[in-house]
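Please examine the structure shown below. The explanation that follows treats the pairing of strands and then the packing of helices.

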Amino acid sequence: MSEWKGRPMGHYTVIVTGASGSAYGMRAVEQLLVQGHEVSLVMTDAGREVTAFELGFELPLEDPVAEVLRFLELTGDVSLRVACARDLFDPLASGSHLTDGTLVAPASMGFCAAVAAGTSTNLPERAADVALKERRPLVMVVRETPLSLIHLRNLTALTEAGATIVPAAPAFYHQPASIDDQVNYVVGKALDVLGVEHDLLKRWGQ
Ligand SMILES: Cc1cc2nc3c(=O)[nH]c(=O)nc-3n(C[C@H](O)[C@H](O)[C@H](O)COP(=O)(O)O)c2cc1C
């Protein structure tokens, strides 16, 4: 295990689904890499489409790591791996592959339903399923409004199983000046739950 700023470097999985708010997932990847952590990124098929629509970033099948780093304007010594949603043989599909935490950002209601029901049919759903069964940190930045009773029941089941639901609900008390500030706030709250050091939000009282 290597060290960064006195804290051990971790390995985190970031899952981007087809809910609105791809910026949350991409900002989380950026921040985790900047903080010196290893990141495995996987997008659902819908996540790829919504990311292309919202951010203008199309995750390619060929050399996806280079394209993600180019999009994030990251250079230098960072440790990123991009997995394919249909590759059920990927390390993320097994509990024997160790991770320090899994972040689903944004998490669609469909994704939440599949994980709550335990019916994983692709790699991102399986990776979240594995986090729960191994009792490892799973943070889900959910985005939908309004919520149906079915959504609420699924979010309750996920919480009961050990996940932490972090609604994509930006605050205003920190007086945001930009969309970036709003994105940083939500991602900062999610990283707080995972215990990841970051400089994304101004803390109340400091
Ligand atoms: C532009 C766009 C925005 C969407 N926003 C949301 C959303 O905020 N929340 C949600 O649960 N689904 C949203 N959806 C629907 C999901 O993409 C859809 O349910 C998809 O099947 C989810 O698949 P996944 O969970 O495998 O990514 C959106 C779809 C599109 C095209």
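In this predicted model, strand 7 and strand 8 (residues 164-165) run parallel and are joined by two bridges. Within this pairing, M140 has I165 of strand 8 as its bridge partner.

How are the side chains of strand 7 arranged? In a regular strand, side chains alternate between the two faces of the sheet. In strand 7, L138, M140 and V142 point one way, while V139 and V141 point the other way. Are these residues buried or exposed? All of them are buried. Because five of the five residues of strand 7 (residues 138-142) are buried, this strand is largely enclosed by the rest of the structure.

Attention may now turn to the helices. Two packed helices are described by the angle between their axes and the distance between the axes. Helix 1 (residues 22-34) packs against helix 7 (residues 179-194) at an angle of about 60 degrees, and their axes lie 9 Å apart. The two helices are therefore oblique to each other, and helix 1 passes helix 7 in a right-handed crossing. Which residues meet where helix 1 and helix 7 pack? Helix 1 contributes A23, Y24, R27, A28 and Q31, which meet V183, N184, V186, V187, A190 and L191 of helix 7.

Terms used:
Residues numbered from 1 in each chain as written. Predicted model: local features only at pLDDT ≥ 70, side-chain atom pairs only at ≥ 80, totals over all residues. Buried ≥ 20, exposed ≤ 12 C-beta atoms within 10 Å, placed from the backbone. Helix = DSSP H or I, 4+ residues; strand = E, 2+ residues; numbered from the N terminus. Pairing = 2+ DSSP bridges. Axes fitted to C-alpha atoms, helices over the stretch in contact; angles between N-to-C directions. Parallel < 35°, antiparallel > 145°, perpendicular 65-115°, else oblique. Left-handed = near helix turned anticlockwise from the far one by under 90°. Contact = placed C-beta atoms within 7 Å.
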